[in-house]
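Biologist: I would like to go through this structure with you step by step, and I will ask about one topic at a time.

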Amino acid sequence: MPLSAPAPRELLHTRQIECRGFRREDGLWDIEAHLTDEKSYPVKSDLRGELAPGEPIHDMWVRLTLDDDLVIRAIETATDATPYAACPKAAENFQALVGLRIAAGWNRQVIARVGGVRGCTHIRELMGVLATVAFQTIFTLREKELMASGRKPPMLDSCHAWNASGAVVKSQYPAWYSGD
């Protein structure tokens, strides 16, 4: 069901994020994100002059290459459009994420390595989304293997639906169900 009808309004800003998860032939995983920001009115860019309505202010890409344990083996960023010449220079700092594992505390780890002036706000924000896409890409294919190991499913107690005492866990993971 969509949102209710809004009050009369004018569209000013559109951010689009598209993410994709891939299994590679070499056994690794590529998780990619593409972010664009556009305005519905002309915008001045220090780098590119006046941008026409609908012309991307930001056009950025990220690829994380992960192993089965969600450890980053490689990271690549690309910036096709930014408003400032300095923006693409932050990309190299994201190499500090190589070797990290996507797990609890992921966002804190990202901020510790590429927070503030060391990173790019937009690329850094994508890291949380990429973590979710990585989990959804990899876990669904490895679920039986992980469950056979006897390890607690990682999504338990991560949201309302996955409450260990709730109906979803009772139905899908009865061994981990903690309700009455």
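This is a predicted model: local features need pLDDT of at least 70, side-chain atom pairs count only at pLDDT 80 or more; totals for chains, interfaces and linings use all residues.

Biologist: In what pattern do the helices and strands follow one another along the sequence?
Modeller: The protein chain has three helices and six strands. Read along the sequence, these elements follow the pattern β-β-β-β-β-β-α-α-α.

Biologist: Is strand β5 largely enclosed by the rest of the structure or largely open?
Modeller: Strand β5 covers residues 58-66, and seven of its nine residues are buried, where buried means under 20% relative accessible area. With that count, β5 is, so far as burial tells, largely enclosed by the rest of the structure.

Biologist: Which residue in β5 stands opposite Glu32?
Modeller: Strand β2, residues 29-39, pairs with β5 in the antiparallel sense, and the pairing extends over nine bridges. Opposite Glu32, the residue in β5 is Arg63.

Biologist: Which residue of β6 is the bridge partner of Leu64?
Modeller: Strand β6, residues 72-81, runs antiparallel to β5, and eight bridges join the two. Within β6, the bridge partner of Leu64 is Ile75.

Biologist: Which residue in the hairpin of β5 and β6 takes a positive phi?
Modeller: The hairpin has five residues between its strands. The positive phi, near 65°, belongs to Leu70.

Biologist: Which helix gives the most to the lining of the largest pocket?
Modeller: The largest pocket holds about 730 Å³ of space, and of the 28 residues that line it, the closest to its centre are Leu70, Ile102, Ala103, Phe135 and Pro154. Helices α1 (106-114) and α2 (121-148) each supply at least two residues of the lining, but the helix that gives the most, with 11 residues, is α2.

Biologist: How many residues in the lining of the largest pocket are charged?
Modeller: By class, the lining has 15 nonpolar residues and seven polar ones. The number of charged residues in the lining is six.

Biologist: What is the angle between the planes of Phe135 and Phe139?
Modeller: A search of the whole structure finds two aromatic pairs, and one of them is formed by Phe135 and Phe139, whose centres are 5.0 Å apart. Because they are four residues apart in helix α2, Phe135 and Phe139 are separated by about one helical turn. The pair is stacked, and the angle between the planes is 5°.

Biologist: Is Phe139 buried or exposed?
Modeller: Phe135 has 27% relative accessibility and therefore counts as partly exposed. Phe139 has 8% relative accessibility, which lies under the 20% limit, and Phe139 therefore counts as buried.

Biologist: Which residue forms the tilted aromatic pair with Trp162?
Modeller: In this pair the rings are 5.9 Å apart, centre to centre, with 50° between the planes. The pair links distant parts of the chain, 11 residues apart, with Trp162 in the loop between α2 and α3 (167-172) and its partner in the segment after α3. Trp162 and the partner are both buried, and that partner is Tyr173.

Key: Residues are numbered from 1 along each chain as its sequence is written. Side-chain values use heavy atoms; hydrogens and water are left out. On a 1 Å grid over the protein atoms alone, a cavity is a set of points where a 1.4 Å probe fits but cannot get out, and a pocket is an open set with protein on both sides within 12 Å along at least five of seven lines; lining residues have an atom within 4 Å of a point. Grid points are joined across faces, edges and corners, and a volume is the space filled by probe spheres set on the points. Ala, Val, Leu, Ile, Met, Phe, Trp, Tyr, Cys and Pro count as nonpolar, Asp, Glu, Lys and Arg as charged, and the others, Gly among them, as polar. Rings of Phe, Tyr and Trp (its six-membered ring) pair if their centres lie within 6.5 Å; planes under 30 degrees apart count as stacked, over 60 as edge-to-face and the rest as tilted. Buried means under 20% relative accessible area, exposed over 50%, partly exposed in between (1.4 Å probe, protein chains only). Two strands pair if DSSP finds at least two bridges between them.
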